[in-house]
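Here's a quick briefing on the model shown below. Have the viewer open as you go through the points.

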Amino acid sequence: MMNRWVIAPLRRLTQMTTLALVVLLPLLALYSHYKQAHAIADLPDNQWRTKAIREIDKTVADDPQRAKWVQETQGTLWSARIGGVSLSDPLAGVEAIVSSRSLYQPMLWSLLIPVAATVLLGRVFCGWFCPMNTLLEVVDKGRRVLRWLEIRDRDVRFSLRNKYVVLGLSLLIVAVAGMPFLALVYPPAVISREVHLWIFGGAFGLGVYLILLIAAFELFVSRRWWCRYVCPGGALYSLLGRFRLIRVRRDTQKCVRCGDCVKICQFDLRPMLVETTGMECTNCGSCIRGCDSDALSYRFVLPLPVIAKPAALPKNADAPKQFVVMLLAGIVALAGCSAVYAHHILGLPHYSYKENYPQAPTLEYPAKTGPYDVLMTSYPGKPVPGEPATITFYIKNRNTNEVYAKPVTVRVLQTATFGANTVVYGPETHPPFDNQHKFTITFPSDAEYIVELTMQVEGREEVIPFLMVAGEPSAGTSIVVLLAASLVVFIIAVRAIKIKRQRRRQSQQTAVSMEAV
Amino acid sequence: MKSETHMSLDRRSFLKSLTVLAPASAAAIATGMWLDPEADAAHACIRPPGALPEADFLSTCIRCMRCVDACPNHAIKSMPASAGPLQAGTPFLKPREQACMLCSRVETDYLRCTAVCPSGALQPIQKTLSDVLDKVRMGVARIDFNLCYSYNHYTCGTCYHACPVGAIKIGLWEKPSVIEDRCIGCGLCERACIRYPQAVRIEAIERPNQRGAEEGRA
């Protein structure tokens, strides 16, 4: 049906197209925003984002048809609208139906193409499109580096059935909670959203750690762990594609039973042992390409004979135990994520077309003490070191709506990564003016500061600290982490070279002794 | 014919797997009960136009970012992960950064975010004054009289001029007051307010249920 040498390049092409789409979707949306604000000319010149947006503008602006196409393109891989065509991940569809307990027509329409493709072609999303699969294929190649570094590449195996359990359990959670949480953990959706966050706001969110943890687990502990044993999306597509029409089929006459295909299969299937691959096959065609005796090929297969049945695989007796281990590992991984996620300033960087446009400061530092609501703001919103900034406290009694009328004392400390904090302002006392307490300060350098407010609350003296950032402080801790990481890599490389040398010496010695004999 | 659909289970292994599946399901149900959108609906925030009541919204929105992309004024943002598992990825507005301009500068029949929503978390709203006044209730503007210049020996009137639907009434010395029934919560007054911190603010409210209001639309 298809030349075996065409499959791999074609598959790489679709994978790369998907990756490009992941980046392009938010870029096009950002372009639309700036275009509609007539602000493309005002963007800062030296950013790659600006360059990309201007390139898009060159190709799109003069062609009304393309402009319309861009206007009708938005979303992430979880659910996207591409040139007006609405597409949703089947898992998103199932989850939305279960969690909202309703059928919504536009959602059903958007499921049409993906579900039809999966029913006819099987789990092709995984093999041909999913960005997580593309990433993990690369990670799997990374195991060679691991072997070169003389680190044992473990491969803990689980039952392929686990992912159906994961699908069932997660849909159970969704149904009980009425809360679609899968969008937050399903890797293709996470990758797409993280790229979106990065392009829109310049920083990744928490999801990146999840992706990295899965990748690290696959690299060191279990080959292709996520796609084989865990992915609820993969489970759903397998079920949908159970009676698919295009399958990998083995010609028993040509097959020499070398087992290459079994070694190649990324999804732990055994094309050598069966005539047509079962429902979990992604039709990726790696085995077809790897088969030197030309025994495997895509074939159009009517589903009926497949229902007739199965030779059982060697059973995995440890499956339940392993499932518990996996579940615990997952929980630990997620807990780790929240620990790693130390702090981020809530909200995106303030949005402005022109850097010198006088925007209202939007960063606010709220606090509560006794009956008082304290709100600290600063102007400019993000203070620049060396330039004066006005810091304002608005202190209101929650119950009486009255403003705190007594003077407050203010002190500003510069935080230090090592050693004690230094006082850069005050302590000084300020009376209220126009219902606010204001003072002006010039921050000496790019760093994190603590603004300490001292006020009387119900007869006691209360000190409220506010953490605030001036300029772009270089994180001292991240340099330490980087140094430690490079030290570890260096030690591992030295160790690997040592082991290799020792082995070579030993083999030379044995060669010499052989000669002597 | 052989195939790889190795899904058959004999009774013994079925019972064995039950010993794992039963506690796992119990854990799943417990997690589900812990992730309760009803409980989280209490700290409501400002959602895009046409949003369902908060608990319904949280269970219907699939966190796909389409409305974030579609908003022509870049007013819709998505919640960061630090907002917690129920809120992360959902769209919200922060009017003092960018307010909802009700798609006034783009050609569209429906408000863009409501037209692209695949899940029905944002119900479609036509870009007409009657539909907007009927159905858009993102929040309601509240004026802090301690901060408002017009109530503190100055005159201002900026919010009155910013309001697109005439929901702010102006009195003697440009003292503003909000007609709460008419306010749609777009936030243009908060965006325009010249006091820092802003004297007029959009507060989240309990939204009416609009599901099925547009049944006839294809």
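Two residues are in contact if their C-beta atoms, placed from the backbone, lie within 7 Å. Helices (H or I, at least four residues) and strands (E, at least two) are DSSP runs, numbered from the N terminus. This is a predicted model, where local features need pLDDT of at least 70 and side-chain atom pairs count only at pLDDT 80 or more, while totals for chains, interfaces and linings use all residues. Residues are numbered from 1 along each chain as its sequence is written, and chains are lettered from A and ligands numbered from 1 in the order in which they are written.

**Helix 10 of chain A**
- Helix 10 of chain A covers residues 187-201, and its end C-alpha atoms are 20 Å apart, which agrees with the 21 Å that 15 residues should span at 1.5 Å a residue (the expected span is 1.5 Å times one less than the number of residues).
- Of those 15 residues, 12 are buried, so helix 10 of chain A is largely enclosed by the rest of the structure. A residue is buried if 20 or more other C-beta atoms lie within 10 Å of its own, exposed if 12 or fewer, and partly exposed in between.
- Buried residues here include A:Arg193, A:Glu194 and A:His196, along with A:Ile191 and A:Phe200.
- The cover over the buried residues of helix 10 of chain A includes helix 1 (4-36), strand 1 (74-76), helix 7 (131-148), helix 9 (182-185), helix 11 (207-220) and helix 12 (225-230) of chain A.

**A helix pair in chain A**
- Helix 4 (residues 90-100) of chain A packs on helix 13 (residues 232-240) of chain A at about 95 degrees, with the axes 9 Å apart. Axes are lines fitted to C-alpha atoms, for helices over the stretch in contact, and angles run from 0 to 180 degrees between N-to-C directions.
- That makes helix 4 of chain A roughly perpendicular to helix 13 of chain A (the class covers 65 to 115 degrees).
- Helix 4 of chain A brings A:Pro90, A:Leu91 and A:Val94 to the contact, while residues from helix 13 of chain A include A:Leu236 and A:Tyr237.

**The four-stranded sheet**
- An open sheet in chain A has the strand order 6-7-8-11 with antiparallel pairing; two strands pair if DSSP finds at least two bridges between them.
- Strand 6 (364-369) and strand 11 (437-442) of chain A are at the edges with a single partner strand each, so one side of each has no neighbour in the sheet.
- Neighbouring strands of this sheet are turned by 20 degrees against each other on average, direction ignored.
- Six bridges link strand 6 of chain A to strand 7 (residues 372-379) of chain A, with A:Tyr365 partnered by A:Met376.
- Two residues sit between the strands of that hairpin, where A:Gly370 takes a positive phi near 50 degrees.
- Eight bridges pair strand 7 of chain A with strand 8 of chain A, and A:Ser378 has A:Ile391 as its bridge partner.
- Strand 8 (residues 388-397) of chain A joins strand 11 of chain A through six bridges, with A:Ala389 opposite A:Ile441.

**A:Gln414**
- A:Gln414 belongs to strand 9 (residues 408-414) of chain A and is partly exposed, with 18 other C-beta atoms within 10 Å.
- Leaving aside neighbours within four places in sequence, A:Gln414 has contacts including A:Asn421, A:Val424 and A:Tyr449.

**Chain B**
- Chain B has eight helices and six strands, and 50% of its 218 residues count as buried.

Notes:
Parallel < 35°, antiparallel > 145°, perpendicular 65-115°, else oblique.
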